[in-house]
Amino acid sequence: KEKQLNNMKKICFITTISMTLKAFVLETAKYLHENGEFDISFICNYDRGFENSLPDYIHYYPVEMERGISLGGIKAMLEMKKIFDREKFDIIQYSTPNASCYAALAGRMANIPVRLYCQWGIAYVGFHGIKKEIFKLEEKMVCNLSTWVEPDSFGNLKFSHQEKLYPENKGSVIWNGSASGVNIDKFDIDNKQIWRDEIREKYKIPNDAKVFIFVGRVTRDKGINELFAATKKLLTKYNDIYLLMVGPDENSGTVNEQLYDWSKNNSKIIYCGFTNEVEKYLAASDVYLLPSYREGFGSAVVEAEAMGVPVIVSDIPGPTDAMKKDSTGIVVSKGSVKELAIAM
């Protein structure tokens, strides 16, 4: 057993919050444990429920990481370096903006031999002015400090090369892209009618109503202002449409307050909250909407398509890689309420 432990490669996965590890990494970690010789560790913000849910073979090192830019980032980076120096990982894999920044710096200082940046979205694409320039410099720094970069779409790979974030001989996309693909045992289209009836009955939605769905956080960068404005426009003409909002329903503070209040008080806009059964809500819907300003890939796009639901996405790298234009969905200009309403 001691010999086996000595032969194991030590790998550490790092994200800012536990939800990202749970959604995109945990199943990969389980697969690595079952099919290879890996000693596996996780780093993210502290989450007791997440810690208690992990298999005993995964080591968990909580590191607090505040959202946005703060002096707390220096503390987080130094804590990671301390862990890296002690554990001497063979490879660290990081994603999400804050975690990637701290892990890339700490990994370089600790001389971790393989520093893999999973570029699941590029934050500065949705910014303007000096904020955009600062975050572009940060993105370039993370890419330079990483020994390899894996964006989750060919669109973002091409964009990164055009922006000179890293050279053309650096970076690759796994197969057709996405962070972790789609589990078609979970997104089982054979259950579509059962789930469709279940969700529509739950929310008292008529069988012949047209149902649109959005999955994600209520933020400006997800195109929520345009989504609400386009839906409001359609509701003046059509009485048989509904919009399901699946995910945390709080306004991040970046969405127009009047539009948000209108959506909360409109019976045709249904806030469903967070769910682990998004496949059921997709099955109950007719069209999936993602008018986002920036995405890595847009995993819910392929999840919707796995359930046979057509999509409407904005013309940005990532979501446009996850669908076939005018075949599985429609592409609209980012930020255009008019085009979104017409597509809907």
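Phe13 is buried, with a relative accessible area of 2%, where buried denotes under 20% relative accessible area, exposed over 50% and partly exposed the range in between (1.4 Å probe, protein chains only). The model is a predicted one, in which local features need pLDDT of at least 70 and side-chain atom pairs count only at pLDDT 80 or more, whereas totals for chains, interfaces and linings use all residues. Residues are numbered from 1 along each chain as its sequence is written, and side-chain values use heavy atoms, with hydrogens and water left out.

The structure holds 11 aromatic pairs, a pair being two rings of Phe, Tyr or Trp (its six-membered ring) whose centres lie within 6.5 Å, with planes under 30 degrees apart counted as stacked, over 60 as edge-to-face and the rest as tilted. The rings of Phe13 and Phe42 are edge-to-face, because their planes stand at 80° with the centres 6.0 Å apart. Since Phe13 belongs to strand S1 (residues 9–14) and Phe42 to strand S2 (residues 38–44), this pair ties together parts that are 29 residues apart in sequence; helices (H or I, at least four residues) and strands (E, at least two) are DSSP runs, numbered from the N terminus. Phe42 is buried, with a relative accessible area of 0%. The rings of Tyr46 and Tyr60, in turn, have planes at 25° and centres 6.4 Å apart, so this pair is stacked. Tyr46 is found in the loop between S2 and helix H3 (48–53) and Tyr60 in strand S3 (residues 58–62), so that parts 14 residues apart in sequence are tied together by the pair. Tyr46 is partly exposed, at a relative accessible area of 39%, whereas Tyr60 is buried at 12%. One aromatic cluster is formed by Phe13, Phe42, Tyr46, Phe50 and Tyr60.

The charged end of Lys131 sits over the ring of Phe127 at 4.2 Å from its centre, and that of Lys268 sits over the ring of Tyr242 at 5.1 Å from its centre.

The largest nonpolar core comprises 56 residues, and those with the most contacts inside it are Phe228, Leu244, Met245 and Tyr288; such a core is a set of buried Ala, Val, Leu, Ile, Met, Phe, Trp, Tyr and Cys residues joined through side-chain atoms within 4.5 Å. Strand S8 (residues 241–246) gives the most to this core, contributing 6 residues. Apart from this core lies another, of 37 residues, which includes Ala76, Cys143, Leu165 and Val173. When residues up to four places away in sequence are not counted, Met245 touches Phe214, Val218, Ile224, Leu227, Phe228, Ile269, Ile270, Tyr271, Cys272 and Gly273, contact meaning heavy atoms within 4.5 Å.

Ser292 lies in the loop between strand S10 (287–290) and helix H12 (299–306) and is buried, with a relative accessible area of 0%. A polar atom of the Ser292 side chain lies 3.1 Å from the backbone oxygen of Asp221. With neighbours within four places in sequence left aside, Ser292 is in contact with Asp221, Lys222, Gly223, Ser314, Ile316 and Lys334.

Side chains of opposite charge can pair when their charged atoms come close. The structure holds 13 salt bridges, each defined by a side-chain nitrogen of Lys or Arg within 4 Å of a carboxyl oxygen of Asp or Glu. One of them joins the side chains of Arg86 and Glu87 (3.0 Å, N to O); Arg86 counts as partly exposed at 48% relative accessibility, whereas Glu87 counts as buried at 16%. Lys10, Arg86 and Glu87 are linked in a network of salt bridges.

A further salt bridge is formed by Lys136 with Glu163, the closest N and O atoms being 3.3 Å apart. Because Lys136 lies in helix H6 (residues 129–145) and Glu163 in the loop between helix H7 (154–162) and helix H8 (192–202), the pair ties together parts that are 27 residues apart in sequence. Lys136 is partly exposed at 26% relative accessibility, and Glu163 is partly exposed with a relative accessible area of 24%. Asp286 forms a salt bridge with Arg200, with the closest N and O atoms 3.1 Å apart. Here Asp286 lies in the loop between helix H11 (278–283) and S10, and Arg200 in helix H8, so the pair ties together parts that are 86 residues apart in sequence. Asp286 is partly exposed, with a relative accessible area of 24%, whereas Arg200 is buried at 2%.

Notes. Lys NZ or Arg CZ within 6 Å of the ring centre and 35° of its normal. Polar contact = N/O pair within 3.5 Å; in protein donor to acceptor, adjacent residues only side chain to side chain.
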